[in-house]
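Let's take a walk through a protein together, from the whole chain down to single side chains. Keep the 3D view open and turn it as you read.

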Amino acid sequence: MSLAWADSFTCLALHSLQEPPLLEPLLLEIEGMKCGGCVRAVEQRLLDQPGVRQASVNLLTRTAWVDLASAEADQGNLVEALAELGFQARLRSTEIEFSSRRERLRARSWWQQWRQLVVALVLLLVSVLGHLPGAGLGALWIHALVATAALAGPGRPILARGIQGALAGLPSMDTLVGLGVFSAYGASLVAFLWPHTGWPCFFNEPVMLLGFVLLGRFLEERARFRTGRALEQLAELQPDTALLLLGDGPPRPVRVGGLRPGDRLRLLPGDRVPVDGVVLEGCSAVDVSGLTGEPLPLQAAAGSELAAGSLNLEAPLVLEVSRCGADSAIARIIHLVERAQARKAPIQALVDRIAGRFTLVVLALAVATLLFWWLLGTEIWPQVLNSPHAAGHAGGHAGHGVLGTSAETPFALALQLAIAVLVVACPCALGLATPTAITVGTGRAAREGLLFRGGDAIETAARLQAVLFDKTGTLTLGRALVAAVEPLADLDADRLVQLAASLEAGSRHPLGQALLQEAQRRDLALFELGDSHTTAGEGVAGLVEGRRLRVGRLAWVEPAPSAPLLARQALLECHGASVLAVADDQLGLLGLVAINDQPRPDAAAVLAALRGMDLELGLLSGDRREPVQQLGSRLGLTEAELAWELRPEQKLERILNHPAYGALAMVGDGINDAPALAAADLGIAVGTGTQIAQDSADLVVMGEQLDGIVRALLLARRTMAKVRQNLAWAFGYNLIVLPLAAGVLLPGFGVLLTPPLAALLMALSSITVVANALLLQDGRDHDS
């Protein structure tokens, strides 16, 4: 048994329309993005570049998916344009060895963050100790020095990115934090250098702000790492070395990257398949669950195709390398998942637009807070100010409390509240709410052999109202067997099978494969095929032994069949068989071949499960009425849910005119299903199907089991439930804490949100969003 889905990943795609080839989209890695404002800024800058049709930026994975309209778009220009905004970008490699490079980049990034965090925490500790009696660090110049070191060291990248964003007219989270930190530092510096101004002096606040902000970002980054583990686990399925066979000598260990098609490998029990290959010798059970999610092992023998990442369980095998590196099935899967995670859901695009403008709203609120409490608030509620400290610092400076809560002047209170507003606001939570859930959901789906093409596909899958199925190869096994051979001309059954199989030699259709298998069973040699042409939904025509033959539907092969011929076809079909007619353009009809294709074992259970999810069902088939009705009755479909004798354009028309009020999905696997898959709101291709079906689909279900469709739709619903939960939390958090930071509860309840506490809450809000999405990873979630 072979893994046809592995081979289909590398086949050349067929095109139903003659259009110029589309440019391959770019996938860029971008450093420096911190919030939804950054996402909006990066997207806008990319869209402003010539030749860019569409850009989708993922804050969680720090990637940008760029769809190119023309070759005018240059990678170097895109990178340079982003550098002007303060974001470093590079093209992501498609090589399978990408994981080690990513690990090095992540290690370097974490080391930089860890170093900044340690410096900030040490400075924070010194600042706090300076307020303890007898510590000997209470001199104001020491606090000024500590605050200056904090801004010049760990705070410098934040200030630099904040200034770049502000100058470009695209303020971000770094702009808010940088403005808050620099405001506290600037006011304290003025008070220190010119005591007669009477300004407040709280050098400890910028130190605390930076410490808490960097701590939150470090913890958030650690949490984000877990969201990307699905891709890492897929990459880890491929071993680093393989045993290469050279002549009659013993196998030699070599790096997987050095293998080429045609090399022979020894695969021992317990080894993972290093590259895609074909079994030459041996017989063993192979675990493919890491790629397809199927629990039952594959029985591999000579001729079987194995995909990289499969696990050999029982006996030694000899493989011949067929594909390696970026051409292997696992590399293609990883590449597909990466692009899926970069493509955002429609709801995320809306949130990113809101988050992009959120920073401007917060800046306006901070200014309003500063002016209100400075000019009016303390006049209306004078009790909000503390009395001057008797133990104030020499030189007449204002109090310098450990948490910066003592405000003795209207300007001191107003500045503290304005800084709290700047820092507590969290566009990060808004920016992370959707991509965290989408990334975790996409990664978990990939581990189970379910490949979504993007967040838009997940969102569509979550709101489906109807699911339509193709018949052959989708609801049936697609491994049909010849049940009867009836020659009608002066030739025997073997000759009829030999001619029909020769004509189907280049076909991947299940019925054509049944003819080839029957010819092999009868030990019949195939004739040379020339000038072959497939008519989708009808049959195949070509030259065999200089004769123009056709194999396909009776009505296509013989436009005016006789009544006895129609009766014979009906008799064969009443037992559930599909009937192929074989004809010679000169001699006429040569005979009929009846082919039976059994339903998939899980088809009935899958349809019942989909009904339990309140989905409408339907079956669209090109087969005749009797086989379709028989299959429908076995699977529990009513006659109103069945359609037969449909050509590809008729399937497309049914999709476009379906009365479903919500989103509609089409499940198929063949060339004739491609238009319907592309036209449906959600195209679902089974993994054993053709490349054109997979290229036209939004969801690819790997392996042999249809229950992956149910798992994919349930996972999509849970993922979108997490998106809604995250968005509710992110919006709710900002709606509550922003008024609190602005001092709404200060006059009546004495509740004051200090800038350091605001920084801590801001960090916790982002971590909460990521942690909630991570519940999807292990299934610790439920439908909502």
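We begin with the overall picture, then visit a sheet and some aromatic rings.

What you see is a predicted model, in which local features need pLDDT of at least 70, side-chain atom pairs count only at pLDDT 80 or more, and totals for chains, interfaces and linings use all residues. Residues are numbered from 1 along each chain as its sequence is written, and side-chain values use heavy atoms, with hydrogens and water left out.

The protein contains 28 helices and 26 strands; helices (H or I, at least four residues) and strands (E, at least two) are DSSP runs, numbered from the N terminus. Of its 784 residues, 54% count as buried. Buried means under 20% relative accessible area, exposed means over 50%, and partly exposed lies in between (1.4 Å probe, protein chains only). Among the contacts in the protein with a separation of 6 or more, 72% come from residues 24 or more positions apart, where contact means heavy atoms within 4.5 Å.

Now look for a sheet. Strands of a sheet pair through backbone hydrogen bonds, either parallel or antiparallel. Here, three strands make an open sheet in the order β10-β9-β12, with antiparallel pairing; two strands pair if DSSP finds at least two bridges between them. The edge strands, β10 (298–300) and β12 (311–312), each pair on one side only. Strand β9 (residues 284–287) is joined to β10 by three bridges, and Val 286 stands opposite Leu 298 in β10.

Next come the aromatic rings. Rings of Phe, Tyr and Trp (its six-membered ring) pair if their centres lie within 6.5 Å; planes under 30 degrees apart count as stacked, over 60 as edge-to-face and the rest as tilted. By this rule there are eight aromatic pairs. Why is the pair of Phe 182 and Tyr 185 called tilted? Their ring centres are 6.4 Å apart and their planes are at 40°, so the pair is tilted. Both residues lie in helix α7 (residues 173–193), three residues apart, about one turn of the helix. Tyr 185 is buried, with a relative accessible area of 11%. Phe 182, Tyr 185, Phe 192 and Phe 203 form one aromatic cluster.

Trp 373 and Trp 381 also form a tilted pair, at 5.8 Å centre to centre and 45° between the planes. Trp 373 is buried at 3% relative accessibility, whereas Trp 381 is partly exposed at 29%.
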